Amino acid sequence: QVQLVESGGGLVQPGGSLRLSCAASGSIFSFHTMAWYRQAPGKQRELVATIARGGPTTYADSVKGRFTISRDNAKNTVYLQMNSLKPEDTAVYYCYAGESRIGVMYDYWGQGTQVTVSS
């Protein structure tokens with residue numbers, strides 16, 4: 001069973017930075033896609049950024065130019081570097097991994113880490 005464990009959340013002032021980490025229990029090379037989602041109170045979970053096995057990335061318009069997703073296959077870890085944080089970035093951030101095995105898709109989620117941007 002794959003486990004994803006997020007860390008790095010916390011309280012930060014507007015304009016500050018945080019780096020989230022998502023450590024997988026196994027090799028992340030088996031995942032065709034890894035991503036970060038977030039969910040603010042009273043809102044639906046939204047996609048923040050994705051990174052494919054080969055390295056291509058995508059970002060939500062709201063975070064382009066401020067957030068960077070990256071992966072370290074040797075450490076089985078995906079990161080989300082968040083700069084120029086805004087109060088509207090406040091949410092629980094979730095790590096996601098997608099795997100395809102013999103034509104069957106598997107989705108894995110972490111438990112989430114809270115990010116609060118406030119002065």
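Visitor: Why does Cys22 count as buried?
Guide: Cys22 counts as buried because its relative accessibility is 0%, where buried means under 20% relative accessible area, exposed means over 50% and partly exposed lies in between, with a 1.4 Å probe and protein chains only.

Visitor: Anything to know before we go on?
Guide: This is a predicted model, in which local features need pLDDT of at least 70 and side-chain atom pairs count only at pLDDT 80 or more, while totals for chains, interfaces and linings use all residues. Residues are numbered from 1 along each chain as its sequence is written, and side-chain values use heavy atoms, with hydrogens and water left out.

Visitor: OK, what does Cys22 form with Cys95?
Guide: Cys22 and Cys95 form a disulfide, with their sulfur atoms 2.0 Å apart; the term is used for a pair of cysteine sulfur atoms within 2.5 Å. The pair links distant parts of the chain, since Cys22 is in strand β3 and Cys95 in strand β9, 73 residues apart; strands are DSSP runs (E, at least two residues), numbered from the N terminus.

Visitor: And is Cys95 buried or exposed?
Guide: Cys95 is buried, with a relative accessible area of 0%.

Visitor: New topic: which residues touch the most other members of the largest nonpolar core?
Guide: In that core of 29 residues, they are Met34, Trp36, Leu80, Met82 and Tyr93. A nonpolar core is a set of buried Ala, Val, Leu, Ile, Met, Phe, Trp, Tyr and Cys residues joined through side-chain atoms within 4.5 Å.

Visitor: What does Tyr93 touch?
Guide: Not counting residues up to four places away in sequence, Tyr93 touches residues including Glu6, Trp36, Leu80 and Met82, where contact means heavy atoms within 4.5 Å.

Visitor: Where does Glu6 lie, then?
Guide: Glu6 lies in strand β1, which covers residues 4–7. Glu6 is buried yet has no salt bridge, and the nearest side chain of opposite charge, Arg45, is 7.6 Å away. A salt bridge needs a side-chain nitrogen of Lys or Arg within 4 Å of a carboxyl oxygen of Asp or Glu; Lys and Arg count as positive, Asp and Glu as negative, and His and the chain ends are not counted.

Visitor: Which backbone nitrogen lies 3.0 Å from a polar atom of its side chain?
Guide: For the side chain of Glu6, that is the backbone nitrogen of Gln111, and the backbone nitrogen of Gly112 lies 2.9 Å from a polar atom of the Glu6 side chain.

Definitions and conventions: Helix = DSSP H or I, 4+ residues; strand = E, 2+ residues; numbered from the N terminus. Polar contact = N/O pair within 3.5 Å; in protein donor to acceptor, adjacent residues only side chain to side chain.
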